[in-house]
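I wanted to look up ring contacts and strand pairing in this model. These are my notes.

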Amino acid sequence: MQITTGAPSAKHTFGGEIQSSQLTDPYKFNLFAFNASGPIFSRTSEDGLKTPILGYAFTMEYQHERDYDPPYGGVYRVKPEVWEDLRTTPLTPFGEGQAFFVNRANFLAPADIENIKYRQGATLRQVRANFRADLRLGENAFLKLGFSGEDSKRDLWNLSRSLLAYDRVAVRYARTLRGFVRIQQTFPGDTGSFLKNFFYTLQFDYTRFDGRTVDPEFDLDWFRYGHIGRFQTRYAELLVPTLVNGNLPAYETQGYVENEYIFDPSNSSHPILANYNTFIYNYLAQNPRLLFNPYTLTVEPSGRVRNFVDLLQLGGNVNGLLGAQTLIYNLYLGQGYIATGGPSFDNADMFRVTGQAAVELGRHNFKVGFEFDQRYDRFYQVFLTGSNGLWNLMRLYANRHLSELDRDHPIVSGDTIRYLPLYQADQQSYFDKKMREKLGLPVDGLDRIDPDAMDPSFFSLRMFDINDLYAGGNPAVVYQGYTPWGEKMRRVAPEKFFTDRENRPQNAFAPTYVAFYLQDKFEFDKMFFNLGVRVDRFDANLPVLKDPYIIRPFYRAEETARLLGVSLPQGVGGDWVAYVDNALNPTRIIGYRRENTWYDANGAPTSALAIIRASGGRALPHLKADSLTFETFEDYKPQVNIMPRISFSFPISDEATFFAHYDVLTQRPRTGQVAQFVDYLFILQNATLDVANPRLRPEKTIDFEVGFKQLLTQSIALSISGYYREMRDMVQSFQFYGGYPVSYTSFENLDFSTVKGINVDIDIRRMGVLELRFAYTLQYAQGTGSSATSSRGLIGSIEGFNVFRSLLPLSFDQRHTFTGVADIRFLERGVKGPAVTIGGKTIYPLMGAGINITYNLGSGRPYTRYLLPNPADVQFGVNPVNLISGQPFSNNLPWYNRFDIRVDRDFIIRRGEDKQSILNVYVIFLNAFNQKNVLGVYPYTGVPDDSGYIQSPVGQQLARSQYSKESFEYLYRLKEKNPALLGAPLRIRLGLLFSF
């Protein structure tokens, strides 16, 4: 949207607003706003008239909310005194025999938990500012310079944290800065001439966005994420009795084993998680368990923890790996749980140039314009926790080259034969070398180094090379537009990813968009026409696979036939793909494929499954090489779209007008397009994950509408219209079944949908104190997919099934929607309200007061009913059960209804004859009657607070296997009360709005 303003302001004006719920509800919404405008420099003419030459306009807002999405019915948390106790002493011994420890939160009872009205860890803070300077260059020429900025901090609340881990949530910081320069000029013409006036504007603008998602305490101090404390491993040489020369008793080194894992919590970045370990170590010191002693080769009582695996099994935590006891029945995250194990930051730059010109020629009003924008989107994320987190990788990379014994150089002492570790240079990691260098140790030394014993400040990302970070296909970093170590990089030739194997550069996503449009608005024989056309060109600027089924360089069918000395069957195109008996050294052709259609060796249609079976279990295209190279890719083909737009209206009578329009709109792909080379490099390791598809085309919408407006009385107008909207090339999940080297799921422009309906609007102009507006929409929305992943759960369930194509109701198909707005207001020029006479003076206490009521009513949107309860709706880390009952989206949610009310009054303060200040005092009631509106339900039961799983036979069986059946059932039912399934509750805000 572009709004063009006129000359600099001739008067100084100031205004502001204060809105708060600090005293009226527990959500603590606060808004402070200020605006000012006026001249900076004016020129005075001979007659004393001032003309502003340079003016300004400035606005600023500050907003703070304790809870930016208040929950209906509140949320549950552990009572503060219980919570503090659980943080200090998180574990308790459990079971008999070998020591094992369980989180005490697994035994919570209703008396330990309370309900609060707001979500903790859900605050929002925003600062917004705008400044514009207007310079008059001439009588009708202006130069405008503007700047705006927004800075926000949002807590990323999560239901799984709400019970025990609400104190430590990830935070999303975002900052947007915009600047523009605009020149505009008007050439007024003679009203009687053919050329009446001409106007043009040209604008250059730049937008920069910077965001990061981090722990607010650690920010970008990477290695404090997941750092539990200082751990030191002590090794024991394992000397085992053996025979030398067949008859002499002796001892021989069989290896070096981890014998003791010492823990020091003093420098912990997560002291609550360190308390888990402290409890375990203190308990074992007082209650030894039986452990193998490598020195005596016997089992004996000991208070030792042997290694990090032993500590995790006991219920503790190590750097980068949290034990199972930090999860409470896979329902809630335990006390002290980390805010995030994968901090990230992102950046976007956009350069934009727009121009528009308008000219009035006779009865025609022409408008022509253009738009160009170039974006650069960058992203970086590093994982510190989990199996592919850097802390765990450091343990794996350190000393791995010392895992074998140097048996060629025995050290004999009496009856003992010892072997030192064997140094294997080809097995030594880059990280191990860098760590030894930083510690001042010989790179080829035999000292065992211990990353867990180092302070987080010791490490940096530059201590890892690209192979360390890629971790054999499960990368610890995700990056585009940054180096693998998080530094912003310049654009390079895309093939450098394959040639520069030390840096593996991946460019920022840099799509280019260009548009031109032409519009003519004119009147002909009492008919008003608006005709236009817009031409868009979208270039994703991404390398794309030449064939999405083949992630290798390959031969086309005509090349394969020529190399094998055979002819292609009639009807088989030379640019198709031939499938053979051996990918690199074929002897015969088994079948063909053209895009998504498969054919047998004779060119008859068949299925991918048939080709796979005929090939021995995998479809084999004829490859040039069985490795990923840049030859596998080609440039994205820019998409050009022509979009006509036609609208017209004409009077049916003096009191009725008919109107209609036809529009074609396109929209750039919103999801699933930005793929990186690394996605394909490790496709075998990550075949179960969705891979983006850079080939995606823009989505297209075709829109028709016809209707008429009728003036029923001088105060009442009726408008009725019917519309039909068709969406094509919508993005949907698609399985490239039969892909090489593996089948995988990506996205294609597959879906289409239709939306049709009727709108009825009744406007009742102000009659006395009352003004009304009613709007009703009857809508039918159907399509093959409601979102880009709506088919994800189906396409892999049947072998050979790669896309779901069935016309179903869409998730946003709301059949009936009604909106009513009533405004009751006492005005100075109208009904002033009741009069009160005091001392001979008549006053109207309600004059300037009013009440605005908005009512929204809507039928329930569709959802899919499940045949069995799905534990994945409540628990995390469990496999979902998605057995559909009946047709998808054949059930509907309850109706939605809500009242919003604003009551306000103006107070006018006069300052002289032509000056006045206005103070508006108001109170806003959002969801005024605290209606319980259902936004979502559990698919099995159809209600928002009961999944139906815990009372099912399988749920009861699961409950009996938990630490405490009673606690598990109670906590499960608490988790089912998901506030996201209900609309927001009543909120009350007081406000002041003033201008002077």
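I searched the whole structure for aromatic pairs and got 60. Rings of Phe, Tyr and Trp (its six-membered ring) pair if their centres lie within 6.5 Å; planes under 30 degrees apart count as stacked, over 60 as edge-to-face and the rest as tilted.

I picked out Tyr470 and Phe682, an edge-to-face pair with 5.4 Å centre to centre and 90° between the planes. Tyr470 is in helix H6 (residues 466-470), and Phe682 is in the loop between helix H10 (677-681) and strand S33 (699-711), 212 residues apart. Helices (H or I, at least four residues) and strands (E, at least two) are DSSP runs, numbered from the N terminus.

The model is predicted: local features need pLDDT of at least 70, side-chain atom pairs need 80 or more, and totals for chains, interfaces and linings use all residues. Residues are numbered from 1 along each chain as its sequence is written, and side-chain values use heavy atoms, without hydrogens and water.

Are Tyr470 and Phe682 buried or exposed? Tyr470 counts as buried because its relative accessibility is 5%, and Phe682 is buried at 10%. Buried means under 20% relative accessible area, exposed over 50%, partly exposed in between (1.4 Å probe, protein chains only).

Next I looked at strands, which pair if DSSP finds at least two bridges between them. S31 (residues 639-653) and S32 (residues 656-667) run antiparallel, joined by eight bridges. Ile646 has Tyr662 in S32 as its bridge partner. I noted a hairpin of two residues joining S31 to S32. S32 also pairs with S33, antiparallel, over twelve bridges.
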